Structure formats: structure tokens, C-alpha cells
Amino acid sequence: MIDLKYLQKNFDEASAKLVKKGVDSETLERLKELFATLKEANATLEESKAEQNKMSKLFGEYMREKKDVTELKAKVDAKKEEIVGLQESAREAQQALELVALAMPNFPDDSVPEGVDEEDNVELKKVLEPRSFEFEPKEHWALAELNGWIEFDRGVKLAKSRFAVLRGEAARMERALINFFLDVNREKGFEEVCVPFINNATMLQGTGQLPKFEDDLFKIDGEDLYLIPTAEVPLTNLYNDEILTTKELPILLTGYTPCFRKEAGSAGRDTRGMIRQHQFDKVEMVAITTPEQSEEIFKMMVDNASDILTQLGLPHRVVELCGGDLGFSAATTLDLEVWLPGQNKYREISSISNTRDFQARRAKIRYKDGKKNVLVNTLNGSALAVGRTLVAIMENYQNEDGSIEIPEVLKKYM
RNA sequence: GGACAGUUGGGUGAGUUGGCUGAAACCACAUCCCUGCUAAGGAUGCGUACUCGUAAGGGUACCGAGGGUUCGAAUCCCUCACUGUCCGCCA
């Protein structure tokens, strides 16, 4: 959630920031008004309650002194009636505010480039030269068929479209990649964590998936539970509603989880192959830091993900997302895009974001800085998306006959 | 899933004949004093959130969550969640 006090005090500045992210200033104006309304409603309510509390105390004294209380009771009864009304309007103001506030995306950093969609993203650097093929490189689904690695039709049979089955060497490579990623991350100082793959609504709200993106989630029928769309949710919310100490920070976590997404808005996109599935494996990095630490940790996370790709010998590039392409919770995001020779383009394989205190405010994650409680910064990033890495290996390591070499670093894992 | 018990501040743990308890005591923690040096003693402070105020200092809310009774609830009633124990089931 954005800082509403900041919005109130620096409206023009705040609204300029959010325009970058495609929020119109009318919505912001409304948010500001709702906030002011709530504050006023609460102020009057609290004043009345203070009076009532005072009278109730008096009441006790009267009783003890055996004084007559009928007059006092009449007064306090009248006050009570008044409070019921005030309470109702305060509650309405609260709900109206939350409706808008929870749907408001994070402020982008000032350094974020202007732009409306991925066309306007900025390439920062390329790592590794794509290899040149003496034959026409195939796409991964063709290779999958040749090698018997992926069964799309049986995945569909078991569940529905956008589910797939990995077999034999592909299944083993999937597992090898997970282990490789976790090992590298651990060497970089991330603690490995194994978390529930199902989280409750409060946690999903903490990281920003709810209430706005409910349609993208698989919900458990009849329960307040959802399949996680990313390990970012459980890893970040590990500290939901907690107050940490300075010496605990930064907290660096990594974990493997499957991720479940409805892909509601992506009908028709990447329907072929396993670039976009309802279920995919991912190893995630999450960092909980002080505001001062987050910049450095962010760079470290990007370098780490890039380093993993380099170790795998996969050509990739680093792209800075423009304001319009930035996710809901992110203040800044760098994507790593891996080269897919079969598709002849770079495709996202990791996305690393600093949400600053946006998630921390929602999830109430703070740390004690001296006497004050300060919101932490939370960061997250993939290292890496496993299925897409498998795809990248297939396409980059293919031979003319369709066979696939195993990257050197993975050999000891297979 | 069934039965019973429980859920209080960072921790342990009082308080359950409703008001003087936002909450004793102890521990932990912080600062200071004394002492002096692998110790001990003393003083003070020490929950969270919102809100008013330059500040000092006020106000409101929170004793698992939500609702109810009452002038007033941690204390009474209802619903739910969670934890523990026993039973059932089970990887």
C-alpha cells in the first residue's frame, strides 16, 4: 500500500509518480478525499467516545458513593446513541478507503524510465554471445517431441490446457535445475526455506496479489486459501505482522515452490509449448532489508540470477522495465531475458523487483530502529524460473539431429 | 472428523464475584549509577496502531478474531479460528 500521509502532503508529486504507472489523477484525488474523510470521521468518533468513557467512570464512582445515577444514565444513553451513528460512518469511510487504497499500485522509483508497455523497456546489457547454428534451430516443443521429454496432451488430460508432463531426462533435469539453483543461492548467503504452497488471503493481500488480482489465482473451494502464484508470497509473509531487530537484517531467503497461475489475462498468448503454464516450478529469492540496504541487495540479486544463467552458458540480457510495464507492487524491476534461438528472441526468465516499503506496509513488516518501528524494504526475484530454463537449455543446447547436450554445471546433478 | 482443555504485552505468567488493570510479578532488553574488571547490586525506562500537539503531553482502539449483553467487559453470552490432549483416520 502506498503511504497515504505522503499522498496527502505531497499530492502533486505523488500523482506525477503514479501517472507514470498509468493511474489517472482523478482516482488519486478520490483516494486523498477518502483518507481525509476517514480521518475526520475517526476524530469525531473518538471525541465522543472519550466523553462516554469519562461518564462511565463517573458512573462507577456514583455507584460506590450510592449517589443517584438516573440523570447520568440518561446522558450516557444519549451519547451512546450518537456513537452508534458515528461508528457506522467511520466504518463506511474505512471500507471506502480500503477499496481504493488496496487497489493502488506502488510508486515507481524516480529512475524508472517512462513508457507504456514492454516496447519501452530499456536494455541495460547483454551477457554471452548467442551461438550461431549451421542448421535451423528448432523450437522447444519440437525438440520435446523428438526426445520424448514433454507430453502436452497427457498434461491436458490430467488437468486441463496449459498443463504438461515432463518425462525421463527432462524430469530429471527439472529436478537438477532446482538443486543447482538452490545451491548457488545458498552459496550467495540465502537461507533455504521450505514453505506451504497454499496460503491464506491475508498473506496474498500482504504481497499485493489480493484484492485486485483474485482472478489470477486458484482458490481452494470453501476455504480462505489459495495456491501460491509465486514463492514471493510465503517467503515475504514469513515475517507478516512482525517487528524485527536491526541486527537480523538483511534477511535473505531462497526457496523452491511450484507456482500456480490462472493466466486469466493471457488468452491466446504462448499457448504452444511450456512458456506459459498454469503450474510451473520456480526458485525464488526474497530479501527483507532496511531502506538503506535494499539498493545494494537488489544489485546483488540481479547479479546472482545473471551469474546462474552465465554458469549454464545461456546468453541473456538485462532489461529495465518502464513505468507502464512495472508490476503492481514494484517500485523498480529488472528482468533477465534468456535467448531462445528456436523462437529467435529473448524471453523473460527472471524478474527482480524492489517493492520498497509497499508490501511491508500491507504485511506490517517492521524493524526496530532505536525506539522507532520502521517499515522494512522487501525485494523478490526469480533465480530462476525452472521450466523456462529447461526450455532455454533445450533450444540453446540442441544438435542438428534434435538431441540435446547437458550443460556442464548440471552434469553432477543428473 | 468426535470429545475435553486452553488462547493475556518480546518471554514466563497474574487477573475470570464486570468499573480503581492497557493490564501485577518475574525474565529479557535499553540507559544510567555503584563497583571494578569471566561477578554482583541499585535507579529509570520498556507493547502496537491510529490520532491531536513544535514539544511536554493528551485522546481512541487492541488481553486469538468477529458479534452480543451492559452506563461500563480481559472478565458474562454467541459464532469462528488456532493450540494442546485423548479417540478415529492416514503419507
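## A walk along the chain

Asp-117, Glu-118, Glu-119 and Asp-120 come together on the surface as a patch of negative charge. Keep in mind that this is a predicted model. The loop that holds Asp-120 runs between helix H4 (70-101) and strand S1 (122-127). Asp-120 itself is partly exposed, as its relative accessible area is 31%.

Next up is helix H7, residues 168-187. How far apart are its end C-alpha atoms? They are 29 Å apart, which agrees with the 28 Å that 20 residues should span at 1.5 Å a residue. Just after H7, Gly-189 has a positive phi of about 105 degrees.

| Cis peptide bond | Omega | Loop holding the proline |
|---|---|---|
| Leu-210 to Pro-211 | near 0 degrees | between helix H8 (201-207) and strand S6 (225-227) |
| Leu-249 to Pro-250 | near 0 degrees | between strand S7 (242-245) and strand S8 (251-260) |

Positive phi also turns up in residues other than glycine. Glu-263 has a phi near 55 degrees, and its loop lies between S8 and strand S9 (279-289). Is Glu-263 buried or exposed? It is buried, with a relative accessible area of 16%, where the cut-off for buried is under 20%. Further along, Arg-356 is not a glycine either, yet its phi is positive at about 55 degrees. Look for Arg-356 in the loop between strand S12 (345-354) and helix H11 (358-363).

Key. Residues are numbered from 1 along each chain as its sequence is written. Chains are lettered from A and ligands numbered from 1 in the order in which they are written. This is a predicted model: local features need pLDDT of at least 70, side-chain atom pairs count only at pLDDT 80 or more; totals for chains, interfaces and linings use all residues. Side-chain values use heavy atoms; hydrogens and water are left out. Patches are made of residues with over 30% relative accessible area and no salt bridge: like charges are joined within 9 Å, nonpolar side chains (Val, Leu, Ile, Met, Phe, Trp, Tyr) within 5 Å. Accessible areas come from the Shrake-Rupley method with a 1.4 Å probe; for residues, only the protein chains shown count as cover. A salt bridge is a side-chain nitrogen of Lys or Arg within 4 Å of a carboxyl oxygen of Asp or Glu. Lys and Arg count as positive and Asp and Glu as negative; His and the chain ends are not counted. The place of a charge is taken as NZ of Lys, CZ of Arg, CG of Asp or CD of Glu. Helices (H or I, at least four residues) and strands (E, at least two) are DSSP runs, numbered from the N terminus. Buried means under 20% relative accessible area, exposed over 50%, partly exposed in between (1.4 Å probe, protein chains only). The expected span of a helix is 1.5 Å times one less than its number of residues.
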